[in-house]
Amino acid sequence: MSAADPPVPALAERAAACADRLRAADRVLLASHIDADGLTSGAIASSALERAGIDHETVFEKQLDEESIAGIATREFETVLFTDFGSGQLDVIADHEAAGDFTPVIADHHQPADADTEYHLNPLLFGIDGAAELSGAGASYVLAHALDPTNRDLAALAVVGAVGDMQGGTEGLTGANEGIVDHAVAAGVLETRTDIALYGRQTRPLPKLLEYASDVRIPGISNDEAGAIAFLSDLDLDVKADGDWRRWVDLDDAERRTLVSALLQRAVSSGVPASRIEELVGTSYTLTAEEPGTALRDVSEYSTLLNATARYERADVGLAVCLGERGAPLERARTLLRNHRRNLSEGLQWVKTEGVVEEDNLQWFDAESRIRETIVGIVAGMAIGSPAVDRSKPIVAFAEKDAEHVKVSGRGSHQLVRRGLDLSAVMREASRAVGGDGGGHDVAAGATIPSGTRREFVERADAIVGEQLG
């Protein structure tokens, strides 16, 4: 594969047109979202603009709505590049474009609103699934490659964004994402391998790696510290070095095979279904330029680190790390990550303790001010993966945004999506019915609604989900 080959051929022509528009701009305002996919999208775009000698400024927004778009319009930039959002707000953006406020260039993967603009790069416009096959960072990378094919090293960040946006299953990234993975591997910045599919391979001591592995629950090991230690102690392995527990990254290939084999045997003997056992092994992505044993070495851990920055009003820290700064920004990110993990753990524990309210077709909880509105969606996603919540229904979570508004996050499963669930439509329709707005993906979406409209929103959303799942 040559460096000039486009990562996603179906998007090449539109990407080239968007790149030409950016080259023609005197200055560009780059606006991006605050999650891991948004941060990597912004970093890819910023790096590509910088390398192309295009003067630009970068801003991050929690949510793109009429108010934030109006604020962007006052900035007097002739060209605005939106990454990882913009498609769902195309109707509002198009009004500003028609008024001559700015020319939009959009690199996004969310469901487009009912409007269009000339420089709109979105996989959904070309028959590619934006929820599973190409992330916002992927769309940004396609644009960066169109600006200059030597930007292939930026494909690594696009892989971080895709995994951070829950696009990688045990089989790894699929669809259009595969072309981006190929570019990253060819550039020498990414390695792929079949490995144990547990979070924390680089940084977690082995007992914690097993204890916290909640995706595939193994009785006597998962959520059981003593059980995990006993399991490891029974293996014919040196699981400690100098008195400290070793990590997965510290094991050689033979030791890893021994551990995986024992884990699979325990899962079988404990009655874990074969389909679940298969999920213990999958495709892993390693960033070769990063130091082994650090959170930046593993794509999943990198994306979690990024989520811990912008969701706590420190997008500048996440962006700096993505742009290659280490030292102080990385230390700050690690501190934010410890805080983030504590907040997620406390949030999930609160949901387990308080429980959820069951409707006919969905379930919901209202965290009010107990869980930050920027992480309530992550907590909802963790809850739907836990034994405390019914996996057969999507979950909706509320959290206070400010005195007048409530943040709503919806999370489903890919199994529900296959049955017809589209949370993007649920969030958009139900929120607009109560004077708010929203959108996103079929499996995960969000909205903002006026305070005092929760009950009406739930009733409307429950009816829509019922229609979708038939």
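I began at helix α4: the cover over its buried residues includes α3 (66-73), β3 (79-83), β4 (103-107) and β5 (120-121). The model is predicted, so I keep in mind that local features need pLDDT of at least 70, side-chain atom pairs count only at pLDDT 80 or more, and totals for chains, interfaces and linings use all residues. Residues are numbered from 1 along each chain as its sequence is written, and side-chain values use heavy atoms, without hydrogens and water.

Next I looked up which residues α4 (90-98) buries: Leu-90, Val-92, Ile-93, Ala-94 and His-96. Buried means under 20% relative accessible area, exposed over 50%, partly exposed in between (1.4 Å probe, protein chains only). After α4 I noted Gly-100, with a positive phi near 80°.

I then took the overall inventory. The protein has 18 helices and 15 strands; these are DSSP runs, helices being H or I of at least four residues and strands E of at least two, numbered from the N terminus. Of the 470 residues, 55% count as buried.

Then I turned to the sheet. Six strands form an open, mixed sheet, ordered β10-β11-β12-β13-β15-β14. Two strands pair if DSSP finds at least two bridges between them. β10 (357-358) and β14 (437-440) are the edge strands; each has a single partner, so one side of each lacks a neighbour in the sheet.

β10 and β11 (363-366) run antiparallel and are joined by two bridges. Glu-358 has Gln-363 of β11 as its bridge partner. Helix α18 (454-469) packs on the sheet and touches β11, β12 (395-400), β13 (405-411) and β15 (444-450). Contact here is heavy atoms within 4.5 Å. The direction of α18 makes about 160° with that of β12; axes are lines fitted to C-alpha atoms, for helices over the stretch in contact, and angles run from 0 to 180 degrees between N-to-C directions.

β12 came next. Five of its six residues are buried. Four bridges join β12 to β11, and this pair is parallel. Trp-364 stands opposite Val-396 in β12. From β11 the chain passes through helix α15 (376-384) to β12, a right-handed β-α-β crossover. Right-handed means that, with the strands pointing away from the viewer, the path from the first strand over the helix to the second runs clockwise.

Last, I checked β12 against β13. Six bridges join this antiparallel pair. Glu-400 has Val-406 of β13 as its bridge partner. The two strands form a hairpin, with four residues between them.
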